[in-house]
Amino acid sequence: MTLHATEPAAATDAVLDREETISRDELEALQLSRLQHTVAYAYDRVPLYKRKFDEAGVHPTDLRELSDLDKFPFTTKEDLRLEYPFGMFAVPQHEVARIHASSGTTGRATVVGYTKKDLADWAKLVARSLRASGVRPGMKVHNAYGYGLFTGGMGAHAGAEALGCTVIPISGGQTERQITLIQDFKPDAILATPTYLLTIADAMMKQGIDPASTSLKYAVLGAEPWTEEMRHELEVTMNIKACDIYGLSEVMGPGVAGEAVETQDGSHIWEDHFRPEIIDAFDPTKVLGDGEHGELVFTSLTKEALPIIRYRTKDLTRLLPGTARPAHRRMGRITGRSDDMIILRGVNLFPSQIEEIALRIPELSPHFQLELTRPEGQRMDQLTVKIERRESVTVEGVASAAKVLQQQIKIHVGSSCTVSVVEPGSLERSNGKLRRIYDLRPKA
C-alpha cells in the first residue's frame with residue numbers, strides 16, 4: 001500500500017521558525033536568559049512561588065546556570081488545586097484573555113490562564129507542531145479534539161488557523177457525523193486522540209466504508225499515551241501518516257512538543273519555550289541524564305499569566321537527542337503515567353504495555369480493558385484483560401490468541417493474568433480519552 005502522505009511530507013518544503021534551526025549552544029543561552037527571567041517573575045508575582053522558594057532557602061538570583069534549576073522546588077497538580085481558582089495567576093484579571101480548566105474528575109479542577117501574548121505563543125507552537133507532522137498551509141484540518149474548558153480543541157484550532165489551514169471544528173463525539181463530514185468536506189488532516197481515531201475507523205468499517213479510501217493523509221494525535229503498534233494499526237487501516245503531539249494544560253496545552261513526519265521518532269520539545277528535566281519517579285531529588293527513564297518535569301520560559309516552575313507531569317519517558325530539529329531534544333514514547341501505574345502483586349504494569357503486546361497478535365484488536373478485582377476471601381489482586389477479537393477470527397483462533405497473550409504478558413511484564421477474548425464491538429469506544437482501567441476491588 002502506498003501512503004498518501006509520501007507526497008509533501010518532508011519538512012524541507014516548509015519555512016521553519018528561526019528557533020527551530022539554531023544551534024544547541026544558542027538554544028541553551030536563550031533558555032538561561034528566559035529561565036532567569038521566569039523564576040524572578042514567578043517569585044515576584046505569585047505568592048505560592050515566593051513561599052515555596054523561601055521555604056526551600058532558594059532565591060531567583062541563585063540561578064546562574066541551567067543546572068541550578070534543580071535547586072528550586074517542584075510544582076504539583078495539588079499546588080494548583082490549593083490555589084483554586086486564580087491564585088497561580090501572575091497578572092491582574094483584566095490581562096487574562098482566556099481561562100481553561102481540567103475536568104476535575106479526580107479532585108478540584110486545575111485552572112490555567114493566558115494573556116494575549118500567551119495565546120499567540122501557544123498558537124505559534126501548535127502551528128509549528130502541525131507543520132512538523134506534515135500539515136501545510138491551505139490544507140483542510142478536521143479537528144476532533146474536544147472544545148470547551150479542555151485545552152485540546154481550542155488550542156489545536158488556533159494553531160491550525162495560525163498555520164494557514166482551513167479548520168473544521170467538529171469537536172469530539174458524534175461519530176456518525178464525523179464520518180459524514182470527512183466524506184463530504186474531504187479534509188487532508190485529522191486531529192484527535194489515537195483511540196478516538198480508532199473509533200472512527202471502526203465505525204466506517206461498520207458502514208461499509210473503507211477507512212483507507214478517504215481524503216485524509218495525516219493524523220496528529222495526542223492527549224493519551226499510544227504505542228508504535230497503535231501507530232502501525234492506524235496508518236495501515238486509514239492509509240495515513242500518524243504523528244504525536246504532546247502537551248498538558250498546566251504547562252500550556254497541546255504543542256509543547258511535536259513529532260516530525262519525516263522521522264517519526266518521538267516528539268521534539270520546543271525548548272525555546274520550555275525547559276524539560278527527567279527525575280527519578282521514586283526519588284524526585286535525583287535528576288536523571290538524557291536517555292534515562294523517569295518522570296518528565298517542565299519549566300515554562302515565556303508564559304505570562306501562569307508561569308510554571310518544575311511542574312511534575314507524572315508522565316514517564318526519557319529525553320533523547322534531537323534529529324529532525326537537532327537543537328531540540330526529543331521525548332521517548334510515554335510508557336504511562338505514574339498515577340496510572342497498576343501495582344499487581346509487586347509488579348508495575350501500564351496499559352500501554354498490554355497494548356504493545358496485544359497488537360503483535362494478529363487475531364486480537366486494539367480494543368481492550370483491564371479489570372482489577374480482589375475475590376472475596378483472597379488477599380491477592382487479580383487482573384483480567386478483556387480484549388476484542390478481530391472479525392475474521394475463528395473459535396479456535398480465539399483460544400490460541402488468548403493463551404499467547406497470557407503467556408506474553410507473563411514473560412514481558414512479569415505478572416499472571418486472566419485473558420477474556422470478547423466479541424467485536426462489545427467494549428466501550430472512545431469519544432475522546434479512553435478509560436482503560438476498571439478498578440473493581442473493594443474500597444477500604
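Predicted model: local features only at pLDDT ≥ 70, side-chain atom pairs only at ≥ 80, totals over all residues.
Let's start with the open sheet. Its five strands line up in the order β11-β10-β12-β13-β16, and the pairing is antiparallel. The edges are taken by β11 (287–288) and β16 (336–337); each has a single partner strand, so one side of each is left without a neighbour in the sheet. To pick out a residue pair here, P276 has F298 in β12 as its bridge partner. A helix also sits on this sheet: α2 (residues 24–45) packs there and touches both β10 and β12. The direction of α2 makes about 95° with that of β10.

Parallel pairing turns up elsewhere in the chain. Strands β20 (residues 382–389) and β21 (residues 418–422) run parallel and are joined by five bridges. On the β21 side, T418 is the bridge partner of T384. To get from β20 to β21, the chain passes through helix α11 (residues 395–412), giving a β-α-β crossover that is right-handed.

Finally, there is T195, which belongs to helix α8 (residues 194–206). With a relative accessible area of 6%, T195 falls under the 20% cut-off, so this residue counts as buried. What does T195 touch, leaving aside its neighbours within four places in sequence? The contacts are with E224, S430, G432, L434 and R436.

Notes:
Residues numbered from 1 in each chain as written. Heavy atoms only, no water. Pairing = 2+ DSSP bridges. Helix = DSSP H or I, 4+ residues; strand = E, 2+ residues; numbered from the N terminus. Contact = heavy atoms within 4.5 Å. Axes fitted to C-alpha atoms, helices over the stretch in contact; angles between N-to-C directions. Buried < 20%, exposed > 50% of the residue type's maximum accessible area, 1.4 Å probe, protein only. Right-handed = clockwise from strand over helix to strand, strands pointing away.
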